[in-house]
Amino acid sequence: MSASYDAAAVAALADKPVSWRDKALPPAFWGRTVAEVVAGKPRLSDLPTPLLTLSAPGLRHNVETMARWCSAHGVEIAPHGKTTMSPALWATQLEAGAWGMTFANAFQLSVARAFGVSRVMIANAVISPLQLRWIADELAADEAFEVMVWADSVRTVEIMEAARSAYVEAGARRLDVLVEVGGVGGRTGARGAETALEVAAAIEASPTLRLAGVAGYEGAIAHGADEAGLEHVRAYLRDLAAVHTRLQEEGRYDDGLVPVVSAGGSAYFEQVAQVLSPLTSTGARVVIRSGAYIAHDDGYYREISPLGEAPRTDGERLVPAMHGWIRITSQPEPGLAIFDAGKRDLPFDENLPEPQLLRPRQPGDAVRRVEGMTVTKMNDQHGFLTFGADAVQIGDELRVGLSHPCTAFDKWGLIPVIDDPDADDPVVVDLIRTFF
């Protein structure tokens with residue numbers, strides 16, 4: 001069963017007025033509510049640059065594609081909400097059948113709770129006593145609320161137990177904890193099965209915690225899609241599955257509990273399904289946590305996603321659903337142009353923006369594809385574009401493809417959603433709030 005959310009709280013975002021705080025919108029819209037702005041059907045040409053937009057059909061396609069893929073491959077999905085930090089987009093994912101939402105820390109959990117998300121996994125250890133006590137209060141106040149956290153050491157378990165034992169009442173709901181299994185060269189996670197089993201034993205011994213399954217992150221194990229890298233990922237996943245199997249065979253889970261076995265970012269989720277989905281036949285729930293798929297991209301994930309430009313699994317391909325829009329402000333040297341977007345506006349950590357379209361220069365012109373243009377550098381508020389025969393001039397507006405959604409959404413508190421990013425002058429059909 002998919003998690004629920006507070007639909008009224010999400011809907012109420014449309015009643016919030018926009019203001020000077022929202023860099024995506026010009027002064028002409030300040031003071032209007034989101035609903036009023038959208039009702040006026042503004043066009044892309046009504047908005048300033050630099051700008052980040054989302055594609056309505058692209059978002060819809062990606063959410064539906066991933067939901068179908070998970071159903072066909074016997075896994076659940078708890079999308080990583082940190083990608084967007086947008087309750088409206090979380091709602092879209094939950095409506096499509098997501099089992100829950102994933103977050104990285106307690107602050108992100110607090111946003112989820114403000115919008116009533118009922119089932120959450122924190123893909124991390126929570127060791128702050130203040131945060132652990134707040135989570136205990138949330139569990140006590142809402143019987144329908146479910147949360148899972150991770151632990152990769154006995155010390156982590158001891159800290160959680162100490163913070164909770166002096167705070168929660170006897171008989172209070174226990175906090176579900178997943179043993180995090182790591183891999184050599186990876187990030188966090190218990191290194192080796194014996195260490196993982198020691199962590200599990202410490203969780204079992206705690207009167208305020210409950211052993212709820214096993215989890216890990218394979219995205220830090222490999223960084224390419226060659227066969228050697230994929231086998232490295234599979235080997236790690238087999239180790240993770242073996243820890244769960246041993247816990248299950250030894251009767252370490254509570255009677256009646258459906259243990260969760262979770263892995264799967266947006267780069268190798270097909271490997272996760274291949275290795276872990278057989279565990280469902282013995283009563284486990286396999287949950288992937290992909291997040292970037294909702295927007296996909298024109299860079300890192302286009303290249304490495306199992307449903308990208310070189311697909312490694314069945315199903316429809318994902319499509320890029322986010323774009324940047326920039327304006328040429330200077331041509332200080334031959335073949336060089338400076339534009340009005342920088343690191344504070346568009347992501348650059350996994351690849352620089354990719355010039356794609358030239359917007360109409362005057363009424364009657366049509367949008368056209370550009371060739372031979374390259375973004376070479378980004379400053380805080382400026383970008384550098386080189387060009388050849390297909391030249392630009394001061395005042396030109398370009399659409400650029402972007403890479404790595406996780407560092408795109410966080411730069412915008414309000415993001416326009418457009419009906420067709422390929423159109424001459426797209427219509428704004430929604431404005432979504434983010435909470436970073």
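Let's start with a word we'll need: a residue is buried if its relative accessible area is under 20%, exposed if over 50%, and partly exposed in between, using a 1.4 Å probe and protein chains only. Take Met85, which at 1% relative accessibility counts as buried.

Okay, some housekeeping. What we have here is a predicted model, where local features need pLDDT of at least 70, side-chain atom pairs count only at pLDDT 80 or more, and totals for chains, interfaces and linings use all residues. Residues are numbered from 1 along each chain as its sequence is written, and side-chain values use heavy atoms, with hydrogens and water left out.

One more term. When I say helix (H or I, at least four residues) or strand (E, at least two), I mean a DSSP run, numbered from the N terminus.

Back to Met85. It sits in the loop between strand S2 (76-77) and helix H4 (87-95). Most residues other than glycine have a negative phi, and most peptide bonds are trans.

Is Lys41 buried or exposed? Its relative accessible area is 61%, so Lys41 is exposed. You'll find Lys41 in the loop between H2 and S1. Pro50 is also placed in the loop between helix H2 (34-39) and strand S1 (51-55). And the peptide bond joining Thr49 and Pro50 is cis, with omega about 0°.

Now on to the helices, starting with H8. This one covers residues 193-205, which is 13 residues. The expected span is 1.5 Å times one less than the number of residues. For H8 that gives 18 Å, and the end C-alpha atoms are 18 Å apart, so the two agree.

Which residues of H8 are buried? They are Ala196, Leu197, Val199, Ala200, Ala202 and Ile203. The elements covering them include strand S5 (146-151), helix H7 (154-165), strand S6 (175-180), strand S7 (209-215) and helix H9 (227-249).

Let's look at how H8 meets H9. Two packed helices are described by the angle between their axes and the distance between the axes. Axes here are lines fitted to C-alpha atoms, for helices over the stretch in contact, and angles run from 0 to 180 degrees between N-to-C directions. H8 and H9 pack at about 45°, and their axes are 10 Å apart. That makes H8 oblique to H9; under 35 degrees would be roughly parallel, over 145 roughly antiparallel, 65 to 115 roughly perpendicular, and the rest is oblique.

Who makes the contact (heavy atoms within 4.5 Å)? From H8 we have Ala193, Glu194, Ala196, Leu197 and Ala200, and from H9 we have Val243, Arg246 and Leu247. Those residues split into six nonpolar, no polar and two charged. For the record, Ala, Val, Leu, Ile, Met, Phe, Trp, Tyr, Cys and Pro count as nonpolar, Asp, Glu, Lys and Arg as charged, and the others, Gly among them, as polar.

H9 has another partner, helix H10 (residues 269-276). The axes of H9 and H10 come within 9 Å and cross at roughly 45°. That makes H9 oblique to H10, and H9 passes H10 in a right-handed crossing. On the H9 side, the residues that meet H10 include Leu230, Val233 and Arg234, and on the H10 side they include Glu270, Gln271 and Val272. The residues of this contact come to eight nonpolar, two polar and three charged.

Why do we call H10 largely enclosed by the rest of the structure? Because seven of the eight residues of H10 are buried. Among them are Phe269, Ala273 and Leu276. Helix H3 (56-72), H9, strand S8 (260-262) and strand S9 (285-288) are included in what covers them.

Last stop: His232, found in helix H9. With a relative accessible area of 39%, His232 is partly exposed. Leaving aside neighbours within four places in sequence, His232 is in contact with Val184 and Ile221.

Terms used: Contact = heavy atoms within 4.5 Å. Left-handed = near helix turned anticlockwise from the far one by under 90°.
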